[in-house]
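Reader: Hi, could we go through this model together? I'm new to this and would like to ask things as they come up.

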Amino acid sequence: MHHEFEYIAPRTRTELLSTLKKLGARAKLLAGGTDLLVDIRVGHNVPEAVIDVKYVDEYRKIRWDAKEGLSIGATVTCVELMNDKTVRAKFPLLAEAAGHIGSPQLRNRATIAGNLCTASPCADMGCSLLAYGASIELASEKKTRIIPLEQFFTGVKKTQRQPDEVVQRIIVPAAMAGARGAMEKLKRIKGHDLAVVSVAMVKTAKALRVGVGSCAPTPIALKELPASASVKTVVDEALKTVKPIDDIRASKEYRLAMVQSFVEKLMATLK
Amino acid sequence: MQMHRIKVKINGKLYERDVPGHRSLLHFIRDDIGLTGTKEGCGAGECGACTVLLNGKTVNSCLALAAECDGAEIETVEGEAKNGKLSKLQDAFHRNHAVQCGFCTPGMLMSVKSLLKVHPKPTEEQIKEAIEGNFCRCTGYRQIIEAVQDATGQLKKKEELKRVS
């Protein structure tokens, strides 16, 4: 690293929260490090310290509760999510989405919570978790709060997380377990690349939920539609909701065309 | 700058060192320990030249801090050859001309080593997926894939090249 910083590794949640309170915005939280350490290297981020959250035991777990649903701890990696039996059986789309992130080396380190906290418009976990109607739990010394993921993202690489808060876990509602889901991710190459457009779709007996990536300042969810919605209804809703721009990876027009194409394809898959 | 005392096992040998918090695992391995087989390419987790095994899993060592690795077991390319004899995988890379400039090779070997632990007879697709985070810019992926197939007894015999003059 070209920039110097202190490394702090709290052993417990209490110690972590008091360290965060003390350092606030002067520190950055370190989980997998696959975004943070790149940002520090190129100078986008120059924290005085990084606080490693990986020693907090309760953050390492994936838990299933028939009432609450699936709980993904803050330091669960992409590979851990991909290999988890409950996730594969009840929320297969999440395992698939985690497999779309980066390369094998990155997936061994990168965390699901970190992917959300980086809050890139193309976050692979963003659109799939939005499609599942997930929420996120944040904690500071003062309080713990749970907010819908849709409210968590506030702009390009911006979230609701306050400097004294840590994301503790992600919660996927129990009602979504077993729902059918599918996603499409457009990349420039077959291997390791960021999404040009991504669309994730989840269908329960009653509702159809769609998340879209790389088509707005944040990953976005369409308004929930009835499971019986026609292809045209979903396409219209998608094109009304997304706000893509021209950038280095694709033009606005191409993105709009791909959103439509992916929605049609996913509607056929989940018919 | 506060120093952190870390103990790590690299290729089975125990090292104990003091490192500053910001030292990357890559620079620790190369500069502090002196094992320069692991290379720095992009330094941003894109190219895979710095791939090592951390507790048995491939990681980009440029994107891990040495301080995070206290108590870890690390494997690098230096752990491959024993007593001056290439490992089976290295030998297959050598025989199949899967090494040209050699800069990506240490990382490639680590990714393939990790693959073979899970899939001792990988398909071509599995080989491609395993090395998708390792960029090669001169040898060509064909020879690398063939080397892995050769190391796992799956390479179909190729016609010998004929001398033209």
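Reader: In chain A, which strands form the open sheet of five, and in what order?

Author: Bearing in mind that this is a predicted model, the five strands of that open sheet in chain A follow the order β4-β5-β10-β6-β7, and their pairing is antiparallel. β4 (62-65) and β7 of chain A stand at the edges with a single partner strand each, so one side of each is left without a neighbour in the sheet. Going from one strand to the next, the twist averages 20 degrees.

Reader: How many bridges join β6 to β7 in chain A?

Author: Strand β6 (residues 135-139) of chain A and strand β7 (residues 144-148) of chain A are joined by five bridges and run antiparallel.

Reader: Where do the side chains point in a regular strand?

Author: As a general rule, side chains in a regular strand alternate between the two faces of the sheet.

Reader: How many residues of β6(A) are buried?

Author: Four of the five residues of β6(A) are buried, so this strand is largely enclosed by the rest of the structure.

Reader: Stepping back, how many helices and strands are there in chain A?

Author: Chain A contains 11 helices and 15 strands. Its radius of gyration is 18 Å, close to the 18 Å that the globule rule gives for 271 residues, so chain A is as compact as a globular protein of that length. The C-alpha atoms of chain A fill a box of roughly 55 × 45 × 30 Å along the principal axes, and buried residues make up 50% of the 271 residues in the chain. Among the contacts in chain A between residues at least 6 apart in sequence, 60% join residues that are at least 24 apart.

Reader: Changing topic to chain B, how do its elements run from the N terminus on?

Author: Chain B has five helices and five strands, and from the N terminus on they run β-β-α-β-β-β-α-α-α-α. The radius of gyration of chain B is 17 Å, close to the 15 Å that the globule rule gives for 165 residues, so the chain is as compact as a globular protein of that length. Its C-alpha atoms fill a box of roughly 65 × 30 × 25 Å, again taken along the principal axes, and 47% of the 165 residues in chain B are buried.

Reader: What is the strand order of the open sheet in chain B?

Author: The open sheet of five strands in chain B has the order β2-β1-β5-β3-β4, and its pairing is mixed. The edge strands are β2 (13-20) and β4 of chain B, each of which pairs on one side only, and the twist averages 40 degrees from one strand to the next. Within this chain, strand β3 (residues 51-54) of chain B is joined to β4(B) by four bridges, and the two run antiparallel; Lys57(B) in β4(B) is the bridge partner of Leu54(B).

Reader: Which strands does α3(B) lie across?

Author: α3(B) lies across β3, β4 and β5 (73-75) of chain B, and it runs at about 40 degrees to β3(B).

Reader: Why is α3(B) described as largely enclosed?

Author: Of the 14 residues of α3(B), 11 are buried, so the helix is largely enclosed by the rest of the structure. The buried residues of α3(B) include Thr105(B), Met108(B) and Leu115(B).

Reader: Last one: how many residues does each chain bring to the contact?

Author: The contact takes 25 residues from chain B and 20 residues from chain A. Strand β4 (residues 57-60) of chain B gives the most to the side of chain B that touches chain A, with four residues. That side of chain B divides into nine nonpolar, 13 polar and three charged residues.

Methods:
Residues numbered from 1 in each chain as written. Chains lettered and ligands numbered in written order. Predicted model: local features only at pLDDT ≥ 70, side-chain atom pairs only at ≥ 80, totals over all residues. Contact = placed C-beta atoms within 7 Å. Nonpolar A, V, L, I, M, F, W, Y, C, P; charged D, E, K, R; others polar. Rg over C-alpha atoms; globule rule 2.2 N^0.38 Å. Buried ≥ 20, exposed ≤ 12 C-beta atoms within 10 Å, placed from the backbone. Pairing = 2+ DSSP bridges. Axes fitted to C-alpha atoms, helices over the stretch in contact; angles between N-to-C directions.
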